[in-house]
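Here is a briefing on one protein model. The points are grouped by topic, from the overall fold down to single residues.

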Amino acid sequence: MQYRFYCIFIFLSSILSSCSHPSKKALFKLLPASLTGVDFRNDLHEDSLHNILEYEYFYNGGGVAIGDLNNDGLPDIYFTSNRGLDKLYLNQGHMHFRDITREAGVEGRTGGWKTGVTMVDVNGDGLLDMYVCYSGNLDGRMRENQLFINLGPDKNGVPHFREEASQYGLADSGYSTQAIFFDMDYDGDLDCLVLNHNIKTFTIQQLLQARNQVDPNAGNHLYENINGHFVDVTAKEGIVSNPIGFGLGVAVSDVNGDGWDDIYVSNDYNEKDYLYINDGTGKHFHDEILSRLAHMSYYSMGCDIADVNNDGFPDILTLDMLPPDNKRQKLLYSPDDRALHAWMVQNGFGEQMMRNMLQLNNGDGTFVEIGQLAGISNTDWSWSPLIADFDNDGWKDIFITNGYKRDNTNMDYQVFRNDYILGQLLNRKRINNLDLLQKMPSTPLHNYIFRNNHDLQFVDESSSWGFMQYGFSNGAAYADLDNDGDLDLVVNNVDTTAFIYQNMATEYLHRHFLAVRLDGYPSNRFGIGTKILAYAGGQMQYFEQMPTRGFQSSVTEVIHIGLGKHKKIDSLRVIWPGGTTEVLYNLAADQTIVLHQKDAKEKYIASVPAENPVFSPLMLPVIFADVAKSFDDFGRQPLLFHALSDCTPAMAIADVNKDGLPDLFLGGADGRSAIINLQQPDGSFIPADQSAFAKNIHSTDVAAAFFDANGDGFPDLYVASGGYGDYAAHDAALQDKFYFNDGHGHFIYDSLALPVMRDSKSCVAVADINHDGHPDLFVGGRLVPGSYPMIPKSYVLINDGRGHFQDATSRVSPGLQHIGMVTDAAWVDLNQDGWPDLVVVGEWMPISVFINHHGKLVNETNRYFPHAYTGLWNGLYVGDINHDGRPDIVAGNLGLNTQLHASDANPLLMVYADFDHNGTIDPILCNPVQHVSYPFPTRDELLLQIPSLRKKFPDYTSYANATLSDIFTSTQLKEADTLSANTLATMCFLNDGEKFIPVDLPIQAQFSPVYKIVPVTDRKTGNTDLLLLGNQTEMAMRLGRCDANEGVFLKNDGNGHFTYVPPCQSGLHVHGNIRAAGWIKIGQQQVLLIGANRMPLQAYQLNESL
């Protein structure tokens, strides 16, 4: 009767829903247990012995496994319950299920703490078995994992199971989270990695000692399948099995494309994640995460690996705990500890930050992290990521489960806990866990689903797709439960009935699909590790058959391919484990096909990387490393959001001795002298006399320019001084320097050539401003050391013809004197009147244009930019990029891959004043979060800067939702200065003869801050391509590292529209915070020299362009 009512309900729902416009319908329907028959709950009742204080993973929840256990074509569902009985539901069709747990014999061990589950055919009989993991603060016998061998269905279709973990060698008694099965050595059978975790945490002092130990309970275990029995080969295979691993997620994929499966393990707490690269024999793995990923999640939860951008390379998604809203960020984020972070990096724990991370594959098994740009970095306390095409448009979306029953990281609770424990100890009273639990907040959260926008960005569709139910969700899995051609979702919840979400994409969107079943050889019947490449309508999709995904769960064994509007697949290539392959053509959509391994007769040969990339790395022609004093800028001004001292090296190139060979100047830094390297006929370089530079060893050289200042035909040298560090506001070391060339490449310092200009600078640009035949200068002021963001002075220097310069700023262009924190400038004749005009960019500045009116520079920005583009501009390129004879502009900005946001409606703000009248500037960054501007500093950071505010904000709750007007009085804010930015994107502007028109750059231009924009001339077309360089790794701790630019090469179509060239084709892997770059001819080669802060010089040869 219930089943008949359910069918009537679905029929009526379809009729009613068809009356409304599809855009009004949620894509997913949450089906009630009364209709599905799935009434499973993972109930966790707290008492004095069973709670998060006794077992920290008490609320990590259970898992879900989905698979066709009786081979009737319908996927069945298994749930693990931490303390209760597991449940198995038989799919009876039409989204109705029957509880067959007891009949099947898979309730799990009474009294055990069940965690992850995976369905896999262990014995190769064509029937899915189930492996269930155990953990908890329990005896080892109670933690032995269970393997339920499928004995086949009875006459009623009910599968029956027998527990045989010990017989197979898989009764692992560690603190297990999950297990994953895969053929690591391509011998045809499935091996197994059991992911374990510790149940106790470690102090920093214990970490180093413990990391070299082996722990049989907390360490991960790798088992090799030898003739159907699993043998522990952990140590032999190179798998780390120490006690500090807190494994919460595991995924297997061929990340480097060598044909062998690799392993990713996501670890909670201090231990870094592991990326085990298969050595190509399946007999050893090497953890190469530090060389392949620049940074990773800190408290890594679940993980998934799949191709999110349809380029044929698997990408990695890990989850963490960063909330999307300001209030929970301020309540749950513990104080930053830069010293601890530095210690962890120095001791091999890697760069770790608390947020979800999407690691984009460069095509060679190295990755850049773009989670913030993708829009998926902040989903709160998250567990299971699942990457799959949920709307059948041919692009993989992302589903994320969310929620933790107790906010044990709530800062007010932490204060209460510490005070309570101290008070009980002082009063010699017993610590009662229930007292603590009653004060620990509980905040239900909703799950997230993100639609792939096809451009490396995802759109949060949680509300519009029907995922706004609040609770505490953990394990999750997907499958086409009703065989209607779209993926449904099943979620295991704490203290709530499990969620069954029916996907209505087929009914509402009318898109096409193809389902693929794999029939492998008997020892791997479901083709675990198989790869599929599907081509439809010019679009490729890449899949790997690896059902264990997300968190403690496994998904359907059927590969689902969304096709959008395409009614067929043009071609489909299957690559089986071991490398045999088959290609099928013109497959009709909207069906399920079966691929048989026995039909694959050919050996797959992977395409080789481009033999002639655009760039090739070179051995360094010059021995140089930018060694500079290390200084903690944040110690001087705690509210800085990025460091200011990482501004070196300076670089300039010219033939200084007139031998026909260009030479190289590399600037000095505080404590290190500058140097000129003279090129020799054989392409080597020798250092020139450095005595003139040694006199200024305490200065930091930030920019340099060669030009003939005195008309003798030899290039002289201007060096701009800058930096932050411990310089005073008008430190003598900030004075710029000018060196005359004696005609033989020797330079003489002239202390009288320049006026007094003791400001921290950023750039120098050379032009004959007044048409007197002598080169003049614009010198940009960058900052006031110790008083960011006070505006420094910039300079217009007029040359008297003998190489002596006068400060003529107030006469030539008074508006330039304090225009802002300038970062770059360029002279160009914008209006083509024969006079050089000036384009200036800077931090918290608009792109500014000063037109030269016969030696007078007038700000005409509004004419050329009717809309002001204020940003955190770092660099500038001006040149004709579309062949129309007019100069265009490309400006490097912060990028879109950070926690900071800016728009016209919601600008990023910097409000500053000496609010507490202690003689120091208090810079308050205000970031729009969910369309409201909030101060970026945490309560701890703000009180460190302005201690007097402690009375106004006695606890974290009082500060959590405070806006600027809640912190300061209207009078204080009125007297403060405010800077703003309305765009953070690196931008290209085309000159239409009257004004500049913005044109979009490829999204990869926004991966990281851009500091240098290098033109690259295509030898075949004459087009100006662009190489964007940058990065900023010294950021406020909550912002983390911006390091996703390894050299972004953009190909120009000749009309000023650019296409991104990936590293596997460009040949670029540039590392570090790039602050200088320039072309130099060495022999017959054009060589690009790249200077990174505190790193050796890097060099690339330009080959023939693509």
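The protein holds 22 helices and 75 strands. Its radius of gyration is 32 Å, close to the 32 Å that the globule rule gives for 1106 residues, so the protein is as compact as a globular protein of that length. The model is predicted.

**Overall dimensions and packing**

- Along the principal axes, the C-alpha atoms fill a box of roughly 105 × 75 × 65 Å.
- Buried residues make up 63% of the 1106 in the protein. Here, buried means under 20% relative accessible area.
- Among contacts with a separation of 6 or more, 61% are between residues 24 or more positions apart.

**A four-stranded sheet**

- Four strands form an open sheet in the order S43-S75-S74-S73. The pairing is antiparallel.
- Strand S43 (615-617) and strand S73 (1074-1082) are the edge strands. Each of the two pairs on one side only.
- From one strand to the next, the twist averages 30°.
- Strands of a sheet pair through backbone hydrogen bonds, either parallel or antiparallel.
- S43 and strand S75 (residues 1098-1102) run antiparallel and are joined by three bridges.
- Which residue of S75 is the bridge partner of Pro 617? The partner is Tyr 1100.

- Where is the place of Gly 1072? Gly 1072 is in the loop between helix H22 (1063-1066) and S73. S73 is in turn an edge strand of the sheet described above.
- Gly 1072 and Gly 1091 are 19 residues apart in sequence. Their C-alpha atoms are 8.7 Å apart in space.
- Leaving aside neighbours within four places in sequence, Gly 1072 is in contact with Gly 1030, Asn 1031, Ala 1092 and Met 1095. Contact here means heavy atoms within 4.5 Å.

Conventions
Residues are numbered from 1 along each chain as its sequence is written. This is a predicted model: local features need pLDDT of at least 70, side-chain atom pairs count only at pLDDT 80 or more; totals for chains, interfaces and linings use all residues. Side-chain values use heavy atoms; hydrogens and water are left out. Two strands pair if DSSP finds at least two bridges between them. Axes are lines fitted to C-alpha atoms, for helices over the stretch in contact, and angles run from 0 to 180 degrees between N-to-C directions. The radius of gyration is taken over C-alpha atoms; the globule rule is 2.2 Å times the number of residues to the power 0.38. Buried means under 20% relative accessible area, exposed over 50%, partly exposed in between (1.4 Å probe, protein chains only).
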